[in-house]
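Thanks for coming, everyone. Let me put the chain on the screen, and then we will walk through it together.

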Amino acid sequence: MFCMNCGTQIPDDAKFCAKCGAAVKPLTAGGTPPPPPPRENAAGNIPGATIGAAGATQLKCPGCGAPIVPRMDETIITCEFCGSSITLGNEGWTNVKNHTTLAIKVADQNAVLSQIGKEMDKGLFHRHLQEQSKLEEATLTVVPYWIVPVSARTKVTFLWSENQSRSFEPTGHGGGVWVNAGPNQPMYKTEEVDENYDFPVVAVKALADYQPKEFKFALTERVIFDSSKMPKGLKVLNGDVSGEAAKNQAKALVDKLQYQKAHEVHKFHSIQQIETQLDVSEGELLHAPVWYVRYDHDGKKIIFVVDANSGGMMSSSGL
């Protein structure tokens, strides 16, 4: 049978649970052992447990019981007290099944600005661009991303060569010449550009600048989100993009990315057709520490988004 307090399997004649110490009620004659209670995941939440209707105006945190009040349009909420997260699904508010984060390894603002300075100085006309620009913002924030697995198979049909039909015409005395005898006969070839992605989709509609075209988080380093281990004062954002909407966005972005990669691979050929098939799976929620840096250069905004875990450049614009 199972302990009704913690779900651990215990002997049928046990009086106390060996794991949590709870008293075990004896079975009545002819009774059957009760089913085990729902098991918690590593984040301390019951995966997929519905905790509120879709139209709920106030909820209780499934982790600590603190009140949570959804703001307008929010679909992902992280408890300010314990870090548990819930998301709005088709059946209402449910616990997030996989809620992870990445350690902050690039916490020094000067180090980030130094790295960005090297990026800004690339190119003949960008010398001293950082020095000539005004720093308007350099903010470290924990941003929710849906990590959506996408398998992409792209078939590219392109012009391989053009052969011209030719014939041999004798000129006498055993000689002759080759002459063109017909129109060009194009030869086509088909190749595949296949990729597997763990594609990140920013879960906040207002943060379009945070959306990378192609970026890989170090997912092997992700750990269960624990708000107590976050630096004091670091802001953790809620999201307003549902898991289903993230899947659709990932599909569109990967399709565009595959189109670009096909043209890069076959840039010296005339492409006749590109056809992409995508398999998209359910995403998981990752709270990623991200640097957002914005400069003003003669009225033009230059923006950089940097992964505070790996130091990798996620996106840039305005250069």
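Where is His-297 found? His-297 sits in strand 12. A word on the source: this is a predicted model, in which local features need pLDDT of at least 70, side-chain atom pairs count only at pLDDT 80 or more, and totals for chains, interfaces and linings use all residues. Residues are numbered from 1 along each chain as its sequence is written, and side-chain values use heavy atoms, with hydrogens and water left out.

Back to the histidine. His-297 counts as buried, at 19% relative accessibility. Buried means under 20% relative accessible area, exposed means over 50%, and partly exposed is in between, with a 1.4 Å probe and protein chains only. Leaving aside neighbours within four places in sequence, His-297 is in contact with Leu-129, Gln-132, Ser-133 and Ile-302. Contact means heavy atoms within 4.5 Å. Take Leu-129: it is 168 residues from His-297 in sequence, yet 8.1 Å away in space, C-alpha to C-alpha.

Now the whole chain. It has two helices and 14 strands. These are DSSP runs numbered from the N terminus: helices are H or I with at least four residues, strands are E with at least two. Of the 319 residues, 38% are buried. Among contacts with a separation of 6 or more, 66% join residues 24 or more positions apart.

Next, strand 13. Which strands does it pair with? Strand 12 is one partner, antiparallel, over eight bridges. Strand 14, residues 313–317, is another, also antiparallel, with four bridges. Two strands pair if DSSP finds at least two bridges between them. Tyr-295 stands opposite Ile-302 of strand 13. Ile-303 faces Ser-317 in strand 14.

Both pairings are hairpins. Strands 12 and 13 have two residues between them, and Asp-298 takes a positive phi near 55 degrees. Strands 13 and 14 have five residues between them, and Gly-311 in the turn has a positive phi of about 80 degrees. Six of the eight residues of strand 13 are buried, so this strand is largely enclosed by the rest of the structure.

On to the cores. A nonpolar core is a set of buried Ala, Val, Leu, Ile, Met, Phe, Trp, Tyr and Cys residues joined through side-chain atoms within 4.5 Å. The largest one has 19 residues. Val-143, Tyr-145, Tyr-210, Phe-217 and Val-290 have the most contacts inside it. Strands 8, 12 and 13 each give two or more residues to this core. Strand 12 gives the largest share, four residues. A second, separate core of 18 residues includes Phe-225, Met-230, Val-306 and Ala-308.

How many aromatic pairs does a search of the whole structure find? Four. Rings of Phe, Tyr and Trp (its six-membered ring) pair if their centres lie within 6.5 Å; planes under 30 degrees apart are stacked, over 60 edge-to-face, and the rest tilted. Tyr-210 and Tyr-292 are stacked, 5.1 Å centre to centre, with 5 degrees between the planes. Tyr-210 lies in the loop between strands 9 and 10 and Tyr-292 in strand 12, so the pair ties together parts 82 residues apart in sequence. Tyr-210 is buried at 7%, and Tyr-292 is buried at 8%. Ring pairs also link Tyr-145, Phe-215 and Phe-217 into a cluster.

Last stop: helix 2, residues 243–265, which holds Lys-261. Is Lys-261 buried or exposed? Buried, with a relative accessible area of 15%. Not counting residues up to four places away in sequence, Lys-261 touches Val-193, Glu-195, Tyr-197 and Glu-214.
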